[in-house]
Amino acid sequence: MSGTEGGGRLDVLGLTFPEVTAALRPRRHEVKPLRTVYRALLRGQAPPDTARLPGPPCRVRYEEALAADVLPIVRRIEDGELTKFVQRTHDELEIESVVVPMPRTHGLWRTLCVSSQVGCARGCTFCETAQLGLLRNLTPGEIVGQVVAAQRDFQQGIRNVVFMGMGEPLDNFEHVIQAIRVMMDPSGLSLAGERITISTVGRVAGIRRLAQLGWRRLNLAVSLNAPNDEIRSQIMPNNRREPMAALRDALLAYPLRNCQFFMLEYVLIPGVNDAREHAFEVAEYLRPLKCMLNVIPYNPRRDSPWPAPTEEAVEQFLAWAREAGQGCKRRVTKGRDQMAACGQLGNRALARHR
Ligand code: SF4
């Protein structure tokens, strides 16, 4: 990865510190101040004191090279506790990310839900992003740039990153993995693998490639949403190519660490996958896996053929799943009014662009 933009400037947000030093080749005494500048940029801190860099011509060269290109937030939308950011790319597309507060005993953590693509090619029928189709993959710098922009806005309060925004991350494998390398770099954001989650529709080859990386701290979530292939293929076209048995085989081969489990997401859609027999069928399918079922009440997309489920229906489904022996929890619905909830990212302006 060259990591340079036209004119020789580095796409510094898409590079680890060793890659930055490989590109700039600082002398030994220049490495430390360069790292200070890099760390400040990645953490969204106040403009670093570039005066601490060695004098000209190095300083000029590094200042130019490290001028991080964080895409501007063009809209900041709040819905209760949730904040949605919209950033505009150089080719006039928009990237959406969402900050979700997570109250903890000792203060407040924030999770950032990032996008990996503009639009998505997977076509899940319940998802707003799917209505756009795929416009393009995001670069590593554009992915990391969502974290940096949120860090700036919230003054460094981002503790977790989840790839649950627009796009299927394993369809943009190389860039997502490079972005995670940058996020984990101790010289920069220094996020632990446990604080990063990739959520996939169930791309089997991608899950196997991920397993080969041996990053056992990284979390993996899978969007299941159905008790059997018949229903899953109706709402998730990808299932016709990669059915549930193949998905489970890939998960069984995935190296989990001792205390780790998969998160299996289940968007509960009235009249589609919310019956008692569905809960029991899902529990049976999941029995060989170390996993938690995360039931997500459906957040209607625009022009949705289905309503949101009632509270009673959600609680009833959870009770059935527990009766069937499946560990489960529910996701609290946030951000539905501002189309910032799970499955609701993507907007009409983007659709027109397409
Ligand atoms: S649910 Fe995920 S994989 Fe499916 S269309 Fe939406 S963004 Fe793509």
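Reader: In which strand is arginine 136 found?
Author: This is a predicted model, in which local features need pLDDT of at least 70, side-chain atom pairs count only at pLDDT 80 or more, and totals for chains, interfaces and linings use all residues. Residues are numbered from 1 along each chain as its sequence is written, and side-chain values use heavy atoms, with hydrogens and water left out. Strands are DSSP runs of E of at least two residues, and helices runs of H or I of at least four, numbered from the N terminus. The run at residues 134-137 holds arginine 136 and is strand 6.

Reader: With which side chain does arginine 136 make a polar contact of 2.9 Å?
Author: A polar contact is a pair of N or O atoms within 3.5 Å; within protein, one must be able to donate a hydrogen and the other to accept it, and residues adjacent in sequence count only if both atoms are side-chain atoms. The side chain of aspartate 91 makes one with that of arginine 136 at 2.7 Å. The partner at 2.9 Å is glutamate 142.

Reader: How are helix 4 and helix 5 oriented to each other?
Author: Helix 4 (residues 140-153) and helix 5 (residues 173-184) pack at about 45°, their axes 8 Å apart. Axes are lines fitted to C-alpha atoms over the stretch in contact (heavy atoms within 4.5 Å), and angles run from 0 to 180 degrees between N-to-C directions. Angles under 35 degrees count as roughly parallel, over 145 as roughly antiparallel, 65 to 115 as roughly perpendicular and the rest as oblique. The two helices are therefore oblique.
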